[in-house]
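Open the model and keep the sequence beside it.

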Amino acid sequence: MAAYSLDDLSMFVAVAEARSFRQAARQLEIPPSTLSETIRRLEARLELRLLNRTTRSVTVTEAGHRLLDRLRPALTEVEAALDEVNAFRDSPTGTLRLNVPTIVAEMILPPIVTAFLQLYPGIRLEVVNSDAFIDVVEGGFDAGVRYDERLEKDMIAVPLGPRHQRYVVAASPAYFEAHGRPRHPRDLLDHACIRHRFVHGTVSIWEFEKNGEVVRISPTGPLAAGNSRLEVAAAVAGLGVIVSFEEYLAPALQRGDLVPVLEDWCEEFTGPRLYYPSRRHMPAPLRAFVDFIKTWRPEASR
């Protein structure tokens, strides 16, 4: 029986799962032409068509599905076996792919990532920032970072970065001088407000809590953006009231460009958590990252 290259079989799985030669090629970091030639060669040796191609789509044939179903667990076991050997290295190697919210990518991860990669030079970290809650496994990620969303039962969650955060309500001194300061969250309905628009199109609802009373409002204003820097710049320019993560507003607050209000209505909430699937064989780069964040402290990177 002819021997088949493990790389060739892995490439077939990548194309079959992505349903796209270009997307699989990007993931594997090889030219699409190389990938196409590999699949053609594999099909020729098997004397079977595994994939149907058109100019717009790639579909898996019945024979391809049969092969894919058998290869997935086999390749997973091979990766796990190789990763077991990886554990014997002085420093683990490999790629770690994370899906994280924008606030985490911009304000929390930088010092953590810097210290982690300095400690583990053999690990390559790929970070994709997205504010949409996704299936990290289906998306091809080793782990994700999110706030208190409901996680599946087979997910493990570990705190990452600050244990608590909070939102801040603020506007420029000139805005408050012209329009007055809100004394209650519902007063914001009479103010121009700068709101955050998520990538899926919805606009954030502002939620406040004090002594057990919860107030949710959907104010209006001159700007709804998907970029926090743009939102902060608009608030500093006096266009309206902003509600955002304290980390985003801290520099403008310290300079006096923004003034906080309704502080007693802005309670702390639990910080972000790294979550990943519970499985017997954890990839060495992920295991190293989990162990690292469990002991990492900001002062340790200074």
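Both tyrosine 147 and phenylalanine 245 are buried; that word means under 20% relative accessible area, with exposed over 50% and partly exposed in between (1.4 Å probe, protein chains only). This is a predicted model, in which local features need pLDDT of at least 70, side-chain atom pairs count only at pLDDT 80 or more, and totals for chains, interfaces and linings use all residues. Residues are numbered from 1 along each chain as its sequence is written, and side-chain values use heavy atoms, with hydrogens and water left out.

Start with the rings. Rings of Phe, Tyr and Trp (its six-membered ring) pair if their centres lie within 6.5 Å; planes under 30 degrees apart count as stacked, over 60 as edge-to-face and the rest as tilted. By this rule there are ten aromatic pairs. The ring centres of tyrosine 147 and phenylalanine 245 are 5.9 Å apart and their planes meet at 35 degrees, so this pair is tilted. It links distant parts of the chain, 98 residues apart: tyrosine 147 sits in the loop between E5 and E6, phenylalanine 245 in strand E13. Strands (E, at least two residues) and helices (H or I, at least four) are DSSP runs, numbered from the N terminus.

Phenylalanine 245 also pairs with tyrosine 167. That pair is tilted too, at 4.9 Å centre to centre and 50 degrees between the planes. Tyrosine 167 lies in strand E8 and phenylalanine 245 in strand E13, so the pair ties together parts 78 residues apart in sequence. Phenylalanine 245 has 12% relative accessibility and counts as buried. Ring pairs link Tyr147, Tyr167, Phe245, Tyr248 and Phe269 into a cluster.

Now follow E13 into its sheet. Five strands form an open sheet in the order E12-E9-E13-E8-E14, with mixed pairing. Two strands pair if DSSP finds at least two bridges between them. Strand E12 (223–225) and strand E14 (259–261) are the edges, each pairing on one side only. The twist averages 35 degrees from one strand to the next. Strand E9 (residues 193–196) and strand E13 (residues 241–245) run parallel and are joined by two bridges. Cysteine 193 stands opposite valine 241 in E13.

Helices cover parts of this sheet. Helix H7 (residues 228–236) lies across E9, E12 and E13, running at about 175 degrees to E9. Axes are lines fitted to C-alpha atoms, for helices over the stretch in contact, and angles run from 0 to 180 degrees between N-to-C directions. Helix H8 (residues 246–255) packs on the sheet, touching strand E8 (167–171), E13 and E14. Its direction makes about 125 degrees with that of E13. Contact means heavy atoms within 4.5 Å.

Turn to another sheet. This open sheet of five strands has the order E4-E3-E5-E16-E6, and its pairing is mixed. The edge strands are strand E4 (123–129) and strand E6 (155–159), each pairing on one side only. Neighbouring strands are turned by 25 degrees against each other on average, direction ignored. Strand E3 (residues 94–100) and strand E5 (residues 143–146) pair in the parallel sense over two bridges. The bridge partner of leucine 98 in E5 is alanine 143. H5 packs on the sheet, touching E3, E4 and E5, and its direction makes about 175 degrees with that of E4. Helix H9 (residues 284–295) also packs there, touching E3, E4, E5, E6 and strand E16 (273–277), at about 60 degrees to E3.

Look along H5 itself. Helix H5 (residues 102–119) has 18 residues and reaches 24 Å from its first C-alpha to its last, close to the 26 Å expected at 1.5 Å a residue. That expected span is 1.5 Å times one less than the number of residues. H5 bends by about 65 degrees at leucine 109, and proline 110 follows within four residues. The bend is the angle between axes fitted to the seven residues ending at a residue and the seven starting there. Buried residues of H5 include Ile108, Leu109, Ile112 and Phe116. An α-helix has 3.6 residues a turn, so residues three or four places apart point the same way.

Finish at a hairpin. Strands E10 and E11 form it with two residues between them. Asparagine 211 in the turn has a positive phi of about 50 degrees. Lysine 210 stands opposite glutamate 213 in E11.
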